[in-house]
Amino acid sequence: MDKQKIKNTHENIIIGGGIVGAGVLRELSLRKEDTLLIEKGDFSSQTSQSSSKMLHGGIRYLENFDFALVREALKEKKTWTELAPHLTKQEMFYIPVYKESKWPLFFVRIGLFLYDLLSLFKNPKRRVLNAKQTLKDLPQLNSKNLRGAGVYSDAVVEDSKLALECIYDSIGPYSSAINYAEVESVEKEGELWKIKVLRTLNNKEETYYSRNLIFATGPFTDQLLKKLEVKWEPKMILSKGSHIWLSKGSLELGHPMVLQTKDNRVIFVIPQRDAILVGTTEKALDPNSDIFNIQASEEEIKYLIDVLNQYFPNSGVGKDSILSTFAGVRPLVAEGSKERGKVSRQHKVFSPEKNMYVVVGGKYTTFRVMAEDVVKRMFKDQGRPFKRDLSLAPLKKKSVIGMYPRESKITEEEVKKIISEEFPKTSEDVIKRRLSLLYPDELQLSNSQIEQMINDFRSDN
Ligand SMILES: Cc1cc2nc3c(=O)[nH]c(=O)nc-3n(C[C@H](O)[C@H](O)[C@H](O)COP(=O)(O)OP(=O)(O)OC[C@H]3O[C@@H](n4cnc5c(N)ncnc54)[C@H](O)[C@@H]3O)c2cc1C
């Protein structure tokens, strides 16, 4: 083997640097496995930055009797609130109930009991409030036909930062990760996979080799495996979800809420990052649509605003309350003819070819279990023992900027530290994912100044 080939050969290569790829990298690095992660854009720049930012069991999956999933997700929620308290926060969520609601109050009461039971009663105390008590906690809420509210605990998370921290935690003697590197082709060369990669910022081609290849490409899996000509039957149902960020003060809201909608869905309204996150929608996408650059549509924005106005009729929330919007695609795995909203969020691991693994489905909350399961399957095929729960170790390296709100403005020194320690390549990587900034005036640096700082750092190193 020539020198370059030796340098570019790894035991394992992971394709995809969202939360699942980051979790798999961490599993393998904790096992001292030589591994490289390759991500087309910035790390965590697709679905894993576009979630509703909740670590949750998924109270509405109880309706589908998906108890195993809810139990597993509740356990993982607890794990990550303990392992990453600087990026997560337990909150009490309110489900207001009206005369015409799909879930009446007694149903909510049973649901909350089951939810607590599945968490082995490790959640903070649930409550059921009458209408008067509900309005005391949520004074702007529509009082007409209000029956009360269920109150239960779930957690919020800084989604892109947790994925980034799993990557920072892994990089070291055994593991590495590259961003802005698109996998363009994959073929077998002897016992190794030969992987051609395009470095998208300078258009350079590179070739890597590995014994094992793991796809953690979320909703992009079917489209990518088709392009790479892997033996694979399409399995994904593409379902778009959009959110809006409202400026702080546009609603008087001390608690996150779960709003039941007229079309039998639920919308989350979550005070977070010194703003209010509202979402999500649910829209079927054609399997061939371009899902790398999806945006919230006018129709989806109107839908979310209409739901808010139904619950908060005197708040004056409208389009001018919106700070920004974003959209993502759920990585659902097809299960017969089930309705989109009812498809299970359970994950699956496949091995379409020898030494090739594909992990699909799941939720952000369950990424650690997904990562364990794909590595376990790989070890089993290699006849090696697998020890669970190594990844319950705390994360070693924290993001420079944790959760908002914070007391002071972001300083130039902090941005410099991010550039030198957190692998951003563009100003968007800094602003959107390392800072997660919603109010641009909180940063006294322009995009071009940040780009310049990145270039200066890269030419010095
Ligand atoms: C609207 C919405 C709300 C959600 N809310 C929640 C929630 O509140 N809680 C929860 O638990 N879950 C939630 N989810 C689900 C959760 O966001 C996803 O399950 C999770 O983020 C998927 O992570 P992933 O790593 O599999 O996919 P991704 O984050 O999409 O990562 C896949 C990566 O593969 C990369 N890739 C693709 N092709 C290539 C290539 N050729 N070369 C290199 N890299 C490539 C992509 O660039 C991408 O970064 C939500 C999902 C959506 C859409």
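## The interface of domain 1 and domain 3

Between domain 1 and domain 3, about 940 Å² of area is buried, with carbon and sulfur atoms giving 53% of that (buried area is the accessible area, taken with a 1.4 Å probe, that two parts lose on being put together, summed over both). On the domain 1 side, the residues that lose the most area to domain 3 are Asp-42, Lys-161 and Tyr-168, together 41% of what that side buries.

A word on the model: it is predicted, so local features need pLDDT of at least 70 and side-chain atom pairs count only at pLDDT 80 or more, while totals for chains, interfaces and linings use all residues. Residues are numbered from 1 along each chain as its sequence is written, and side-chain values use heavy atoms, with hydrogens and water left out.

## How the chain is divided

The protein chain has domain 1 (3-48 + 160-235 + 343-392), domain 2 (237-331) and domain 3 (412-460), with bounds that come from an automatic or database domain assignment. Domain 1 brings 12 residues to its contact with domain 3, which brings nine residues (contact means heavy atoms within 4.5 Å). The C-alpha centres of these two domains lie 27 Å apart.

## Salt bridges and polar contacts

Two salt bridges cross the interface of domain 1 and domain 3 (a side-chain nitrogen of Lys or Arg within 4 Å of a carboxyl oxygen of Asp or Glu). Asp-42 forms a salt bridge with Arg-433, where the closest N and O atoms are 2.6 Å apart.

## Around the ligand

Now to the ligand. Of the 39 residues around the ligand, those that come nearest are Glu-39, Thr-47, Ser-48, Met-54 and Thr-365 (near means a heavy atom within 4 Å). The side chain of Glu-39 has an N or O atom 2.6 Å from an oxygen atom of the ligand.

Backbone atoms take part too: a polar one of Lys-40 is 3.1 Å from a ligand nitrogen atom, and a backbone N or O atom of Met-54 lies 2.8 Å from a nitrogen atom of the ligand.

Definitions and conventions
A polar contact is a pair of N or O atoms within 3.5 Å; within protein, one must be able to donate a hydrogen and the other to accept it, and residues adjacent in sequence count only if both atoms are side-chain atoms.
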